[in-house]
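My entries follow in the order in which I made them.

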Amino acid sequence: MQKILVARPIFPDVIERLEQYFEVDWNNGDVLSNDALLKRLADKDGALTAGDPIGAATLAAAPRLRVVSNMAVGYNNFDMAAFNAANVLGTNTPDVLNEATADFGWALMMATARRVAESEHWLRAGHWKKWAYDSFLGTDVYGSTLGVIGMGRIGQALARRARGFNMQVIYHNRSRVAPHIEAELNAQYVSKEDLLKRADHVVLVLPYSAHSHHTIGAAELALMKPTATLTNIARGGIVDDAALAVALRDKRIAAAGLDVFEGEPSVNPALLTVPNVVLTPHIASATETTRRAMANLAADNLIAGLGEGPRAGRPPNPINPDVIGKARS
Ligand code: 8YV
């Protein structure tokens, strides 16, 4: 039987599925240190990860490893050049999380615009003594302009929901989406600068890469309207969190909603001191059905990638399909 490592706690019934095909080493505890991960992978043929960093040194320390299946759509934790050089297959879990993540983008954007978290903390602290005309005035969502940066599958799901709020949708992306998608979403392609100047609510839904590092920094925040909000459901590192904390403190923009952070689970301490930011612990895909679908898809990818089960050799979501069938190097 081939050996696999499941690097994180996941649904026990998914472990049972994997045990039908593999000898499973399950880390059902704290996140493994890099050293521990290297040791546990040394004799493994495959691994199921969720954001764990896998680079050249890890692959070199795991000479049998042929498939690493990430339980996430984003795979910036994989060094794909190293995967390709070693003929190791990487897989991810796209699509099954589109709607839950788009729902959460709206939840966070609306909580940010309408100051839900800030006013709730104030109420819990016992400050509510009377109604006041100027209590927690926020920014309108209905009829406003939504600016989506990153118009992939999740960005499109997010933009589709804007119709019910009578919003004008503008977007920026590496490349324009197909005309029929623009028409369906009633979305207009604009430059990043234009989007930042015009949008009332900017939502980030782009993958992280060296290219998208600090897509939003001090210069970009300075272009935004002082009444605008910024929501990041993409990845930490896309926003310069230190610059954002300063912009929020100085009311350069009205508010921000962040589900992802540079260096998470650590959060820049300056963000914890400003009231006009809603902070959530990377839960945009966290519904029971979506996380189950992601876990099962990650298992499907690993089972098929390692040549087992009904789809042997044809995993549903290969990131680098060219390495399939090639000997590990
Ligand atoms: C994951 C995510 O839960 O899919 C992604 O890219 O950000 C989340 O849905 C998280 O990355 C853990 O792997």
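**Ligand site.** A polar backbone atom of Val73 lies 2.7 Å from a ligand oxygen, and a backbone N or O atom of Gly74 is 2.8 Å from a ligand oxygen. The side chain of Ser285 places an N or O atom 2.7 Å from an oxygen of the ligand. I then looked up cover: the ligand taken alone exposes 330 Å², and the protein buries 84% of that (Shrake-Rupley areas, 1.4 Å probe; for residues, only the protein chains shown count as cover).

The model is predicted, so I noted its limits: local features need pLDDT of at least 70 and side-chain atom pairs 80 or more, while totals for chains, interfaces and linings use all residues. Residues are numbered from 1 along each chain as its sequence is written, and side-chain values use heavy atoms, with hydrogens and water left out.

Which residues are around the ligand? I listed Ala50, Gly51, Met71, Ala72, Val73, Gly74, Leu97, Arg235, His282, Ser285, Arg291 and Met294, where near means a heavy atom within 4 Å. This shell divides into six nonpolar, four polar and two charged residues. Here Ala, Val, Leu, Ile, Met, Phe, Trp, Tyr, Cys and Pro are nonpolar, Asp, Glu, Lys and Arg are charged, and the others, Gly among them, are polar.

**His282.** This shell member sits in the loop between strand E12 (277-279) and helix H13 (288-305). I took helices (H or I, at least four residues) and strands (E, at least two) as DSSP runs, numbered from the N terminus. Phi of His282 is positive, near 50°. His282 is partly exposed at 31% relative accessible area; buried means under 20%, exposed over 50%, and partly exposed in between (1.4 Å probe, protein chains only).

**Other backbone entries.** Most residues other than glycine have a negative phi, and most peptide bonds are trans. His214, in the loop between E9 and helix H10 (218-223), has a positive phi of about 50° and is partly exposed at 26%. Glu264 and Pro265 are joined by a cis peptide bond with omega of about 10°. Pro265 is in the loop between strand E11 (255-258) and helix H12 (269-272).

**Helix H5.** I checked the length of H5 (residues 98-113): its 16 residues at 1.5 Å each should span 22 Å, and the end C-alpha atoms are 22 Å apart, which agrees. The expected span is 1.5 Å times one less than the number of residues. Is H5 mostly covered or mostly open? Twelve of its 16 residues are buried, including Phe104, Trp106, Leu108 and Met109. Arg115 follows H5, with a positive phi near 55°.

**His201.** I found His201 in strand E9 (residues 201-204), buried at 0% relative accessible area. Its side chain reaches the backbone oxygen of Asp140 at 2.8 Å, and a polar contact of 2.8 Å joins it to the side chain of Thr229.

**Asp43.** I placed Asp43 in the loop between helix H2 (34-41) and strand E3 (46-49). Asp43 is partly exposed at 32%. Ala62 is 19 residues from Asp43 in sequence and 6.4 Å away, C-alpha to C-alpha.

Terms used. Polar contact = N/O pair within 3.5 Å; in protein donor to acceptor, adjacent residues only side chain to side chain.
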